[in-house]
Amino acid sequence: MKLLSQTLCLCLVLALSHAHHHAGHQDGGDEGHEGHDHAHHAGVMLDRCQGLEMDAVAVTEEGIPYFFKGDHVFKGFHGKAELSNKSFVELDDHHHLEHVDAAFLMHFPDKPTEHDHIFFMLDTKVFSYYKHQLETGFPKDISEVFPGIPDHLDAAVVCPAPDCEEDTVIFFKGDEIYHYNVKTKKVEEKKFEGMPNCTSAFRFMEHYYCFHGHQFSKFDPKTGEVHGRYPKEARDYFMKCSKFGDTTDHIERERCSRVHLDAITSDDAGNIYAFRGHHFLEQDAGNDTWAAGTIESDFKELHSEVDAIFSYENHLYMIKDDNVYVYKVGEPHTHLDGSPKPLKEVLGVEGPIDAAFVCQDHHIVHVIKGQTVYDVDLKAFPRVPVKEGSFTLFDKVDAGMCGPEGVKLFKGNHYFHFQSMKVMLMARSIPEEHKTALELFGCDH
């Protein structure tokens, strides 16, 4: 499957130039903080696309990444920098604003006293913020809050169980790796062989990234193993830098649009296709990035606007109005002779429909039409729809897909997750909503 031209800015983070700020701060650099000229710094035009390396990153409780460079912060994955003291006043009060060594969000819902607290490591001190307010008693020595963890860190990232054996914060200093057990406060030193020294680390979409210079590597937080073709250029993936690809803005718009999806599916190999209007997004299995294209370019027989799509036996069944278009997955996707065929002939259902999907290792396509769910056996001929039940939590849905994690139903700019079809049909209340742009496509909003 082809990932069209340049893959975009999937949302994430940065790289750090820790060597620069260490050289200044361990050699009496703090003296320069006293004469901090904010008007002067406010006039500095920082551009993350001009070879800029960040100092630290933290995700807010709202899920927005904050990238720190000197006394500035970039909020989100694109946009201009602003002074950090606008958001974290006390950092400036303590004259540590020239740099941030490491930052992370302590995200452990079952630990209410620590949950959603943002920690900043600056030289020998740690600052703890809750809802952008410095907590009483802070700053404190790093050794007091995180005993056994050294000063002048390079990076830090939270690793909740089961990603790590227990809820953990991983601290990086050179090639030294420290696993800090949040519950017991015990520290275990690790050796991450084969992974570059991290100048920043970040957990995003349940994956872990180590940044070193302008490059990044995805790693296993338990072992430090790096799988796949890494390192990669950070600006190609995690920043909106148009000069790095002529489709960057194009992809950004499609990923981060708040317009609802028309259809979505995952094929047998795990590649995901999502359709909206005249465009579609695709993600290769095992890859964290998305690419975009026009329906006209890859599925020219459809032209635009798809009602539903499902994958079965290495073919994509794309439903538009009362017709079904069938494509064999490949490079390029091959439109089958004799297609399109009437929806009534292929699935035994009258159009239009709202969603259709096949769960893994099954040959039943589940068709949602309004508040009715039909099952159609794809191995049977003729195919006869059997009413599986009613789904009354929503008057209608925009799209749906099924995979190893269960069923996702899409409505508006949110999706709703059910562990299985049975759970979905038995549900009596709407489950937690997830933001499609943020949690599926990796946008910053």
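This is a predicted model: local features need pLDDT of at least 70, side-chain atom pairs count only at pLDDT 80 or more; totals for chains, interfaces and linings use all residues.
## What "buried" means here

A residue is called buried when its relative accessible area is under 20%. Take cysteine 164: its relative accessibility is 2%, so it counts as buried.

## The cysteine 159 and cysteine 164 pair

Cysteine 164 has a partner, cysteine 159, and the two form a disulfide with sulfur atoms 2.1 Å apart. Cysteine 159 is buried too, at a relative accessible area of 0%. Looking at the S-S bond, the torsion is about 105°, so this disulfide is right-handed.

A quick bit of background: a disulfide is a covalent bond that joins the sulfur atoms of two cysteines. This structure holds three of them.

## The cysteine 198 and cysteine 210 pair

Next up are cysteine 198 and cysteine 210, whose sulfur atoms sit 2.2 Å apart in a disulfide. Here the S-S torsion is about -120°, so the link is left-handed. Cysteine 198 lies in the loop between β13 (187-190) and β14 (200-204), while cysteine 210 belongs to strand β15 (residues 207-212), twelve residues apart. Both cysteine 198 and cysteine 210 are buried.

## The cysteine 359 and cysteine 402 pair

Then there's the disulfide of cysteine 359 and cysteine 402, with 2.1 Å between the sulfur atoms. It's right-handed, with 100° about the S-S bond. Cysteine 359 is in the loop between β27 (355-358) and β28 (364-369) and cysteine 402 is in strand β31 (residues 399-403), so the pair ties together parts 43 residues apart in sequence. Cysteine 359 and cysteine 402 are both buried.

Definitions and conventions: Residues are numbered from 1 along each chain as its sequence is written. Side-chain values use heavy atoms; hydrogens and water are left out. A disulfide is a pair of cysteine sulfur atoms within 2.5 Å. Buried means under 20% relative accessible area, exposed over 50%, partly exposed in between (1.4 Å probe, protein chains only). Helices (H or I, at least four residues) and strands (E, at least two) are DSSP runs, numbered from the N terminus.
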